[in-house]
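This briefing walks through one protein model, topic by topic. Keep the sequence and the 3D view open alongside the notes.

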Amino acid sequence: INQQNEQQNEQQQNEQQQNEQQLPKKIYSNTYYDFVPFNGFRVIILDSYDIGYIGWPETHKNYKIAIETLQNYSTKNFYDWKELELLKRRFVAFNGGIGLEQLNWFKCKLEQSKLNNEKVFICCHVPLIPANEDEVAIAWNSEQILELIRDSEANVIGLFSGHTHLGGLDILHQDLTMTTSQGKLHEMQFDFENSIRLIDNKFIQKTTTINRNSKSTLLQLVPHAVVECAPETNSFAIAHVYTNKLIIQGFDKCPSFEWSF
């Protein structure tokens, strides 16, 4: 029996080693990172809870910055956005922001992408583009991030986000009016005529073709959340990336569209 158990343990160890060898190698050592899947394209992953009420121990500096930020707007309930004025409703505990170190890293990556003549896709859990002036699910300092994109003149093709469960597809023309305060989380001013909620995911029935009119135009896709799907329904997509276009093949609640650039 002992010999049989040893053989079984040895077999299990061999199977585990084989499975580990099949796993992709870890390509990052931080909560934000980037990679180049093939020449000419770069994917940048941002951590939108770098400065956050959620996920940090109370002794951590990022948690303390988050508390100070939220207290500037509310002293009652950090989760109650209804008590806040328009454009300030994003300053709630279930959102977060990007710290100075990550902003500097992001700026360097955009500059590197421009030098390499790369097209860039950005992934960030909390959306960066507000659909309207009473939007809640927006990163605390999204205007800083959008300004970095605009000022770098990098060829950022699109943004992929989550967080807001009903989803949406937004177009942003970046001639925005903004106020900045270097290195701080601060208030933004948007010209909402230039931020368009193009389509609502639940009304998508067929592929829509969208032409990008300039490098200063950004597209943001927020898929419908799977947790909001009714039984027997789903929400996911396959991204087909070409040198001149992105085709999102959406399934069920997720929209399908072609983004020409």
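**Around Gly-52**

Beyond its neighbours within four places in sequence, Gly-52 is in contact with Asn-62, Tyr-63, Ala-66 and Trp-140. The model is predicted. It has 4 helices and 13 strands.

- Gly-52 lies in strand E3, residues 51-52.
- Gly-52 is buried, because its relative accessible area is 0%, and the cut-off for buried is under 20%.
- Gly-52 and Gly-99 are 47 residues apart along the chain, and their C-alpha atoms are separated by 9.6 Å.

**The protein overall**

- The protein has 261 residues, and buried residues make up 44% of them.
- Take the contacts between residues at least 6 apart in sequence: 68% of these join residues at least 24 apart.

**Helices H3 and H4**

- Two packed helices are described by the angle between their axes and the distance between the axes.
- Helix H3 covers residues 100-115 and helix H4 covers residues 142-152. Their axes come within 10 Å and cross at roughly 25°.
- That angle makes H3 roughly parallel to H4, because angles under 35 degrees count as roughly parallel.
- The crossing of H3 past H4 is right-handed.
- Which residues meet where H3 touches H4? From H3 come Leu-103, Phe-106, Lys-107, Leu-110 and Lys-114. From H4 come Gln-144, Ile-145, Leu-148, Ile-149 and Ser-152.
- By type, the residues of this contact divide into 6 nonpolar, 2 polar and 2 charged.

**Burial along H4**

- H4 is mostly covered, with 9 of its 11 residues buried.
- The buried residues of H4 include Gln-144, Ile-145, Leu-148, Ile-149 and Ser-152. These residues of H4 also meet H3.
- Ser-142, Glu-143, Leu-146 and Glu-147 in H4 are buried as well.

- Most residues other than glycine have a negative phi.
- Glu-153 has a positive phi, near 60°. This residue follows H4 and sits in the loop between H4 and E6.
- Is Glu-153 buried or exposed? Glu-153 is exposed, because its relative accessible area is 53% and the cut-off for exposed is over 50%.
- His-163 also has a positive phi, near 75°. Its place is in the loop between E6 and strand E7, the latter spanning 168-173.
- His-163 is buried, because its relative accessible area is 19% and buried means under 20%.

- Strand E6 runs over residues 155-160 and is mostly covered: 5 of its 6 residues are buried.
- Phe-160 in E6 features in both pairings. Cys-123 stands opposite Phe-160. In E10, the bridge partner of Phe-160 is Leu-221.

- Strand E11, residues 235-241, runs antiparallel to E12, and 7 bridges join them.
- In this pair, Ser-235 stands opposite Asp-252 of E12.
- E11 and E12 are joined by a hairpin through 3 residues.
- Strand E12, residues 245-252, also runs antiparallel to strand E13, residues 257-260. How many bridges join E12 to E13? There are 4 bridges.
- Leu-246 stands opposite Trp-259 in E13.
- E12 and E13 form a hairpin too, with 4 residues between them.

Conventions. Residues are numbered from 1 along each chain as its sequence is written. This is a predicted model: local features need pLDDT of at least 70, side-chain atom pairs count only at pLDDT 80 or more; totals for chains, interfaces and linings use all residues. Side-chain values use heavy atoms; hydrogens and water are left out. Axes are lines fitted to C-alpha atoms, for helices over the stretch in contact, and angles run from 0 to 180 degrees between N-to-C directions. Helices (H or I, at least four residues) and strands (E, at least two) are DSSP runs, numbered from the N terminus. Angles under 35 degrees count as roughly parallel, over 145 as roughly antiparallel, 65 to 115 as roughly perpendicular and the rest as oblique. A crossing is left-handed if the near helix is turned anticlockwise from the far one by less than a right angle, and right-handed if clockwise. Contact means heavy atoms within 4.5 Å. Ala, Val, Leu, Ile, Met, Phe, Trp, Tyr, Cys and Pro count as nonpolar, Asp, Glu, Lys and Arg as charged, and the others, Gly among them, as polar. Buried means under 20% relative accessible area, exposed over 50%, partly exposed in between (1.4 Å probe, protein chains only). Two strands pair if DSSP finds at least two bridges between them.
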